[in-house]
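Subject: Handing over a model

Hi,

Here is the structure I promised to pass on to you. Have a look at it first, and then read on for what turned up.

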Amino acid sequence: MKHHPSKHIRPLSPNIQIYRPQLTSVLSIANRITGVFLSACAIVLVVWLIAAASGHETYSRFHNLIASWPGQILLLAAIFAFFLHLCGGIRHLVWDTVRGFELRQIYASGWIVVAASVVLTLVCWFASLLIGGQV
């Protein structure tokens, strides 16, 4: 008896083509993406430290790159990713205490993570402008 290959293909679960994205799944995926992005940012931080230790000319080139529009957008994205990852981690720490698992609490804490990340990013960005004398 010959087996047809399609009869043995199991569906992937959860199938993102069937299920509508929900806050919980979006935040879970965002947490993984921000973790990878922050790892890349750690490499950039090391490059910055090396540039600072290598002298004025090298540091000046790195500073000009970060001060450019693309550099500023990348920096803003890194700050938001940091706070999203941090707030999501705090949410998971609360869950580790076996609290906050009711559906309303899950959605409320998810929206708190998003709102807190935006607010903390804006506060941090404004503070950096204030410290840098640009405000």
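To start with the term needed for what follows: a pocket here is an open set of grid points with protein on both sides within 12 Å along at least five of seven lines. Please keep in mind that this is a predicted model.

The largest pocket has a volume of about 870 Å³. It is lined by 25 residues, and Ile66, Gln72, Leu75, Ile79 and Trp125 are the closest to its centre. Which helices build the lining? At least two residues each come from H1 (23–53), H2 (56–67), H3 (69–96) and H4 (103–131). By class, the lining holds 20 nonpolar and 5 polar residues, with no charged ones, which may be of interest if you plan to look at the pocket yourself.

**H3 with H4**

The axes of these two helices, H3 and H4, come within 9 Å and cross at roughly 145 degrees. The crossing of H3 past H4 is right-handed. On the H3 side, the contact includes Gln72, Leu75, Ile79, Phe83 and Trp95, while H4 brings, among others, Ile106, Val113, Leu120 and Trp125. Sorted by class, the residues of this contact are 15 nonpolar, 6 polar and 1 charged.

**H1 with H3**

H3 also packs against H1: their axes come within 9 Å, with a crossing angle of roughly 125 degrees. The two helices are therefore oblique to each other. H1 passes H3 in a left-handed crossing. Among the residues that make the contact are Leu27, Asn31, Phe37 and Cys41 of H1, together with Leu74, Phe82, His85 and Arg91 of H3. Here the division is 11 nonpolar, 5 polar and 1 charged.

**H1 with H2**

For H1 and H2, the axes come within 7 Å and cross at roughly 145 degrees. H1 contributes Val44, Val47, Trp48, Ala51 and Ala52 to the contact, and H2 contributes Thr58, Tyr59 and Phe62. Of these residues, 7 are nonpolar and 1 is polar, and none is charged.

Best wishes

Definitions and conventions:
Residues are numbered from 1 along each chain as its sequence is written. This is a predicted model: local features need pLDDT of at least 70, side-chain atom pairs count only at pLDDT 80 or more; totals for chains, interfaces and linings use all residues. Side-chain values use heavy atoms; hydrogens and water are left out. On a 1 Å grid over the protein atoms alone, a cavity is a set of points where a 1.4 Å probe fits but cannot get out, and a pocket is an open set with protein on both sides within 12 Å along at least five of seven lines; lining residues have an atom within 4 Å of a point. Grid points are joined across faces, edges and corners, and a volume is the space filled by probe spheres set on the points. Helices (H or I, at least four residues) and strands (E, at least two) are DSSP runs, numbered from the N terminus. Ala, Val, Leu, Ile, Met, Phe, Trp, Tyr, Cys and Pro count as nonpolar, Asp, Glu, Lys and Arg as charged, and the others, Gly among them, as polar. Axes are lines fitted to C-alpha atoms, for helices over the stretch in contact, and angles run from 0 to 180 degrees between N-to-C directions. A crossing is left-handed if the near helix is turned anticlockwise from the far one by less than a right angle, and right-handed if clockwise. Contact means heavy atoms within 4.5 Å. Angles under 35 degrees count as roughly parallel, over 145 as roughly antiparallel, 65 to 115 as roughly perpendicular and the rest as oblique.
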